[in-house]
Amino acid sequence: MRNNRRSRSHPSSPRGPFVLAALLLAIPLSACGGRDQQSQSQTVPETQVETTPETTSSTGAAAQPWEAFDRNRFAQSTTIDNEWFPLQPGTQFIYEGSSVEDGKRLPHRVVFTVTDLTKVIDGVRTVVVWDRDYTSGELVETELALFAQDDDGTVWHLGQYPEEYENGEFLDAPAWIAGFQNARPGISMKAKPELGAPSYSQGWGPAVNWTDRAQVYRMGEKTCVPVDCYEDVLVMEEFSEEEPGAFQLKYYAPGVGNVRVGWKGDDPSRETLKLVKLVQLSAEALADVRAAALKLEKRAYALSKDVYAHTSPAEGP
């Protein structure tokens with residue numbers, strides 16, 4: 001998933017106002033047992049922040065910062081049925097939690113929807129995901145993310161087009177797409193994650209400082225979120241060259257996907273999220289999602305002239 005982190009780009013001056021009204025779904029975040037505790041305070045004393053015990057991590061970047069990629073090994077690229085990261089069209093994940101901004105812990109909400117659109121990127125047909133990110137009920141980022149699964153079952157991330165907002169005004173669109181501006185595909189989830197295996201690139205977009213990497217942190221864990229309690233949970237840690245010492249933890253339940261987000265180290269955002277709703281959209285709702293994603297793509301063609309504007313259009317079912 002967007003990967004549930006802000007794009008690591010340096011904000012530029014606004015290109016012009018663009019106001020979006022955020023449709024806020026009122027879903028209460030119920031308490032659920034688990035190893036982590038979430039702060040409800042507006043201030044951020046360290047003792048009240050969700051965290052996980054430290055372990056030694058080999059976070060040094062590899063000699064080559066991107067992964068070897070063979071576009072000829074994607075015979076059924078849009079069938080994404082990886083055990084840890086399945087992406088079935090019409091599936092919608094809604095997460096609620098909090099993150100720190102300017103020393104205050106603010107409500108945070110993410111709506112991650114798998115569309116029924118596909119798009120060819122770097123010679124591979126990808127699945128288009130529409131991701132929306134809210135802080136204190138205000139839309140701060142909306143994004144199209146592009147994924148494909150190779151013949152071994154590994155899910156690849158081939159790029160994304162995000163739009164960032166502040167107070168309803170458009171700020172920036174730091175897109176990276178494999179095949180443009182030296183960007184390379186990265187791995188979102190391996191077919192068979194292994195504890196102790198080296199870290200891997202989640203995509204390489206040097207033009208916008210996208211240098212995310214991931215590695216297995218723990219396996220066989222148990223966690224509870226408002227949707228359900230899960231066993232045999234895979235915990236991944238993500239980090240980047242842009243934020244040394246900061247780690248985001250993602251909890252993946254088998255057959256479901258990402259159900260929880262935490263942090264450790266010097267992560268300034270200290271983001272925590274729990275899966276509060278998991279639904280399969282109706283045909284009508286999926287059609288509405290498709291229309292909204294295509295509307296966002298239309299803006300992408302107008303705003304991302306050096307990158308997105310050179311891609312082929314997304315296609316419906």
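Is K119 buried or exposed? With a relative accessible area of 0%, K119 is buried (buried means under 20% relative accessible area, exposed over 50%, partly exposed in between, with a 1.4 Å probe and protein chains only).

Some ground rules before going on. This is a predicted model in which local features need pLDDT of at least 70 and side-chain atom pairs count only at pLDDT 80 or more, while totals for chains, interfaces and linings use all residues. Residues are numbered from 1 along each chain as its sequence is written, and side-chain values use heavy atoms, with hydrogens and water left out.

On confidence, pLDDT is the predictor's own score for each residue, from 0 to 100. The protein chain averages 85, and 80% of the residues score at least 70. Over residues 1-62, though, the pLDDT is below 50, even if that stretch has 179 contacts in the model beyond near neighbours in sequence (contact means heavy atoms within 4.5 Å). Where pLDDT is low, the predicted coordinates should not be read in detail.

Back to K119, which lies in strand β2, residues 104-121 (strands are DSSP runs of E, at least two residues, and helices are runs of H or I, at least four, numbered from the N terminus). Its side chain makes polar contacts with the side chains of T311, at 2.9 Å, and Y301, at 3.3 Å. A polar contact here is a pair of N or O atoms within 3.5 Å; within protein, one must be able to donate a hydrogen and the other to accept it, and residues adjacent in sequence count only if both atoms are side-chain atoms. Not counting residues up to four places away in sequence, K119 also touches others, including L146, E297 and P313.

Now for the rings. Rings of Phe, Tyr and Trp (its six-membered ring) pair if their centres lie within 6.5 Å; planes under 30 degrees apart count as stacked, over 60 as edge-to-face and the rest as tilted. The count comes to twelve aromatic pairs. In one of them, F69 and W156 have ring centres 5.0 Å apart and planes at 70 degrees, so the pair is edge-to-face. It links F69, in the segment before β1 (91-101), to W156 in strand β5 (residues 155-166), 87 residues apart. W156 is buried at 6%, and ring pairs link F69, F74 and W156 into a cluster.

Finally, there is one disulfide, counted as a pair of cysteine sulfur atoms within 2.5 Å. C224 and C229 form it, with sulfurs 1.9 Å apart. The torsion about their S-S bond is about 110 degrees, so the disulfide is right-handed. C224 counts as buried at 9% relative accessibility, whereas C229 is partly exposed at 39%.
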